[in-house]
Amino acid sequence: MTRCCPLPCLLLLLLLATRTAMSSGVFELKIDAFTSHRAVCRQPSRDCHVFFRVCLKHSQDVISPEPPCTYGTALTEIFGADAESISGSAPIRVPFPFKWPGTFSLIIEAWNAESSGLDSTEKPNNLISRLATRRKLAVGAEWSQDVHSGEQSELRYSYHVVCNEHYHGNACSAYCRPRNDTFGHYTCDQDGRRHCHVGWTGDYCSDPVCAAGCSGEHGYCEEPGECVCRQGWQGERCDECDRHPGCLHGTCQQPWQCNCKEGWGGLYCDQDLNYCTNHKPCQNEAACTNTGQGSYTCTCKPGFTGKDCEVQTNECDSNPCRNGASCRDLVDGYSCACPQGFWGKNCEIGAMLCVDEPCFNGGTCRESAGGGYSCLCPLGYAGSNCEMKNNKCSSNPCANGN
């Protein structure tokens, strides 16, 4: 059993550890021509068949043909030893699940196939030729061509390194698979960089771009162009708070507040504290006074009454004029038109004497010591001049409800 030297073993472990990295590609080698100066087949009477083995290793100053092939190994199919069969053979593919290093050691072996299987490598005598070289190769689809001429054979071959699908970059180390689903919405460029579809953003283009002006704190979106408000917020841009339910004349800075506007009070700002200014209920130039919680009082100007001073008063209704004077209602008060011999606001002062016969209906006139007169009215008459006839029922003489 061949033992692994320390350095290759260490490199092998490192390569195995990188298999979880997001990188992958394939090394392809095509045999263009192969000629050998020694007899390839030991029994010329039989059909002669060959196959090739490729071994990729880390870069070595002295290339050892012994395993392990730290970068990978592959065998061709068995085909005829003629030039046409060899040149028409399919490329040898050596996949690698790690970041392509750029430099490597290449071993190409030509083997005589004694049987239909590939177990001929177990017999050293079946080895026709071996090429061991160190190369530097960048990732790309273009084929590099080379020729190796040895003492016994000549080998012409082409090779290149290409990235697997969805792997990009100069070392096949950038993984990017275009997608348009829940996990992302993007395309990929040749270097593996993601380019978001219109309306999406973020490292993996999974974050929708919300409508212009949408509040980043109080709004969100699940599709591009949306602006969905979080609980307690409203408006086209989700920048308006929801007031407390039932709030009538209030505002808010945070959800569920009800901060009353000037002149309003109560839990729901529904009590008018400045009813006079907001509603102007008092009429006819009356003075209005707020009494709180939506109530008020009106101070009426003379000549008006009612809760809102809406009723104009007639002061003559109280018969303020005396001695047969006539009353005239004014905006602010009244006036009495006194008959001859009377004066005063209500015509209550008499200036007549008994000689003027002021008493009516048979009344007896008497001179007053201080001037003026008084009338002694006969039965059935009253008034300062006995001008009014008494109403005999006014004293309620009837009993028992009559």
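**Labels and their criteria**

Reply: E1 and strand E5 (residues 92-96) pair in the antiparallel sense over five bridges, strands being DSSP runs of E with at least two residues, numbered from the N terminus. This is a predicted model, in which local features need pLDDT of at least 70 and side-chain atom pairs count only at pLDDT 80 or more, while totals for chains, interfaces and linings use all residues. Residues are numbered from 1 along each chain as its sequence is written, and side-chain values use heavy atoms, with hydrogens and water left out.

Me: What makes strand E1 (residues 25-36) and strand E9 (residues 153-163) a pair?

Reply: Two strands pair if DSSP finds at least two bridges between them; E1 and E9 are joined by 11 bridges and run antiparallel, so they qualify. Glu28, for example, has His160 as its bridge partner in E9.

Me: Why is Ser158 called buried?

Reply: Buried means under 20% relative accessible area, with exposed over 50% and partly exposed in between (1.4 Å probe, protein chains only). Ser158 has 5%, and is therefore buried.

Me: How do you know that the side chain of Ser158 makes a polar contact with the side chain of Asp32?

Reply: The criterion is a pair of N or O atoms within 3.5 Å, where, within protein, one must be able to donate a hydrogen and the other to accept it, and residues adjacent in sequence count only if both atoms are side-chain atoms. The value for Ser158 and Asp32 is 2.6 Å, so the distance meets the cut-off.

Conventions:
Helix = DSSP H or I, 4+ residues; strand = E, 2+ residues; numbered from the N terminus.
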